[in-house]
Amino acid sequence: MSAKLRKIGKLKKKSEENIVKQYVRYLKLERNYSPNTLEAYQHDLLHLQNYCLTEGKALLDISLDDLQHFAATLHEVGIGPSSQARILSGIRSFYRFLLLDGFIENDPTELLESPHLGEHLPEVLSTAEIDQIEASIDLSKWEGHRNRAIIEVLFSCGLRVSELVTLKLSDLFLDEGYVRIFGKGSKERLVPISNRAIHELNLWFDDRNHMKIKPGEEDYVFLNRRGAHLTRVMIFIMLRQQAELAGIKKVISPHTLRHSFATALLEGGADLRVIQALLGHESIGTTEIYTHIDTTALREAIIEHHPRNLKR
């Protein structure tokens, strides 16, 4: 390769790096995405960048055929359908940005199809099973009341695990029965909190008040033994260990409690729009994924309430 071609290649690479930086800045400043979401979008785009490097393609010159081949390579390296769909969604976001900012004239992802995803409903815990997990917690340990409060707040408020670990004391309005949540895109919402969750929080605060807290961590609700706020991984590990101790055979995560919250509300007669607001979903379609009703219950509801089935 001549020195001139190498120079052109370096300029193209530098130009693409600048475009990617502009894209990340757009997600951060205009879309107001959180650091975790930004990292996920960058990771999705990295898959395509690596593909382009292998194939000798430029991001701005990618065609629909290239993207279809790229999608096929994701399958070949063992990436599952749901992860493929997420990666392709991130890439669609990138090319929409390129189109809006005038870097390209046509969006190559417009006709790009995602892999078919079978209906997947997360595990759901009944109230009895949640009580069973809480009852298995050893309250003689320093973290006992903390862990019960974590489980109860997740179930009572339907929080994302990222929302739980960043929950601040200044976001609690317990006398009014509300907590303030900053969800995806730092969107604020107020969520009612149950008396049971408030009770468990107050028991945890009695223990928390005797802790040595790290400077800068004083406002976080949930802390580890070193006085720093918890990570998402710590919540995952705690929940799974506690479920195993309680004899729960289901594979659960913090999301299981969020889904259980939504399901309990739906079964109790709450409107789907109310659940959407409480969960902090932009789209009602997202809320529908979290909610499922037994088809038998649907059939019974139709038989009991539909005018064609009512006996005169």
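Which residues of H10 are buried? I looked this up in a predicted model, where local features need pLDDT of at least 70, side-chain atom pairs count only at pLDDT 80 or more, and totals for chains, interfaces and linings use all residues. Residues are numbered from 1 along each chain as its sequence is written, and side-chain values use heavy atoms, with hydrogens and water left out.

**Entry 1: helix H10**

I took buried to mean under 20% relative accessible area, exposed over 50%, and partly exposed in between (1.4 Å probe, protein chains only). Helices (H or I, at least four residues) and strands (E, at least two) are DSSP runs, numbered from the N terminus. The buried residues of H10 are Pro254, Thr256, Leu257, Arg258, His259, Ser260, Phe261, Ala262, Thr263 and Leu266. These are 10 of its 14 residues, so H10 is largely enclosed by the rest of the structure. From first C-alpha to last, I noted that H10 reaches 20 Å, close to the expected 20 Å; the expected span is 1.5 Å times one less than the number of residues. Just after H10, Gly269 has a positive phi of about 105°.

**Entry 2: Val251**

I then turned to the loop between helix H9 (232-245) and helix H10 (254-267), where Val251 lies. Val251 is exposed, at 59% relative accessible area. Leaving out residues up to four places away in sequence, Val251 touches Glu123, Arg240 and Thr256, a contact being heavy atoms within 4.5 Å. Val251 and Arg240 are 11 residues apart in sequence, and their C-alpha atoms are 7.3 Å apart.

**Entry 3: strands E2 and E3**

I found strand E2 (residues 178-182) paired with E3 in the antiparallel sense over five bridges; pairing requires at least two DSSP bridges between the strands. Val179 stands opposite Val191 in E3.

**Entry 4: Asn32**

I located Asn32 in the loop between helix H1 (3-29) and helix H2 (35-55). Its phi is near 60°, a positive value in a residue other than glycine. Asn32 counts as partly exposed because its relative accessibility is 35%.

**Entry 5: confidence**

I recorded an average pLDDT of 83 for the protein, with 84% of the residues scoring at least 70; pLDDT is the predictor's confidence in each residue, from 0 to 100. Over residues 1-11 the pLDDT is below 50, and this stretch has one contact in the model beyond near neighbours in sequence. Where pLDDT is low, the predicted coordinates should not be read in detail.
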